[in-house]
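Hello,

Please take a look at the structure below. My notes on it follow.

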Amino acid sequence: MPHLIAMNPASPHEHALPALPAARWMVGAYVGGEVTGFVQACDGPFDRRVETTLFVHIKWRRQGIGTLLLEAAMDWARLRDARALRLVCARTDWATRHFAEKRGARLDLAFGQIVADIPLGRCIDE
């Protein structure tokens with residue numbers, strides 16, 4: 001059973017270096033002491049959206065770890081009174097795009113990446 005551990009973005013675990021230089025929050029998923037994935041977030045430059053990146057090691061995908069990590073990020077974003085979680089991924093990352101779409105995300109292309117805005121219980125156009 002995976003468990004989540006808060007990590008300090010200033011000194012992350014050697015296997016989970018932050019992709020977001022401005023990361024303010026980071027959580028890792030572990031199974032049997034092995035890092036299986038992580039999610040990190042920062043306050044986005046856009047109207048009440050929290051930006052996040054998510055990674056699950058390929059051998060641990062499709063086992064609920066990504067969902068646990070995303071839910072942790074959504075909870076953190078709600079505590080910051082955000083109205084959406086902005087998940088950033090590569091244009092070619094079809095798995096993450098599909099993962100976000102299943103959660104009601106609206107996808108856009110920005111700066112060569114895909115941004116998926118996942119609503120947090122309110123309409124993101126309000």
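**An exposed arginine, and what came next**

Arg62 is exposed, at a relative accessible area of 83%. Arg62 has its place in the loop between E4 and H1. Those labels are DSSP runs numbered from the N terminus: helices (H or I, at least four residues) and strands (E, at least two). Phi of Arg62 is near 65°, a positive value in a residue other than glycine. Most residues other than glycine have a negative phi.

Asp81 also has a positive phi, near 60°. Asp81 lies in the loop between H1 and E5. Asp81 is partly exposed, with a relative accessible area of 43%.

Residues are numbered from 1 along each chain as its sequence is written, and side-chain values use heavy atoms, with hydrogens and water left out.

pLDDT is the predictor's confidence in each residue, from 0 to 100. The protein has a mean pLDDT of 78, and 77% of its residues reach 70 or more. Confidence is lowest in strand E1 (residues 3–7), at a mean of 61. Confidence is highest in H1, at 91. Over residues 10–18, pLDDT stays under 50. The model has 14 contacts for these residues beyond four places in sequence. A contact means heavy atoms within 4.5 Å. Over residues 122–126 the pLDDT is also below 50, and this stretch has 13 contacts beyond near neighbours in sequence. Where pLDDT is low, the predicted coordinates should not be read in detail.

**Aromatic pairs**

How many aromatic pairs does a search of the whole structure find? The search finds 2. Rings of Phe, Tyr and Trp (its six-membered ring) pair if their centres lie within 6.5 Å; planes under 30 degrees apart count as stacked, over 60 as edge-to-face and the rest as tilted.

Trp25 and Trp76 are stacked, at 5.4 Å centre to centre and 20° between the planes. Trp25 lies in strand E2 (residues 25–31) and Trp76 in helix H1, so the pair ties together parts 51 residues apart in sequence. Trp25 is buried, at 14% relative accessible area. Trp76 is buried too, at 13%.

The rings of Phe38 and Phe55 have centres 5.9 Å apart and planes at 40°, so this pair is tilted. Phe38 is in strand E3 (residues 34–43) and Phe55 in strand E4, so the pair ties together parts 17 residues apart in sequence. Phe38 is buried, at 10%. Phe55 is partly exposed, at 37%.

**Helix H2**

Which residues of helix H2 (residues 94–101) are buried? They are Thr96, Arg97, Phe99 and Ala100. Seen down the axis of H2, they fall within an arc of 160°, so they line one face of the helix. That arc is taken from the directions from the helix axis to the C-beta atoms. Trp94 and Ala95 are exposed on the other side of H2. The cover over the buried residues includes strand E4 (49–56), helix H1 (65–79) and strand E5 (84–90).

Two charges sit over rings here. The charged end of Arg97 is over the ring of Trp94, 4.0 Å from its centre. The charged end of Arg103 is over the ring of Phe99, 3.8 Å from its centre. The test is NZ of Lys or CZ of Arg within 6 Å of the ring centre and within 35 degrees of the ring normal.

Best wishes

Notes:
Predicted model: local features only at pLDDT ≥ 70, side-chain atom pairs only at ≥ 80, totals over all residues. Buried < 20%, exposed > 50% of the residue type's maximum accessible area, 1.4 Å probe, protein only.
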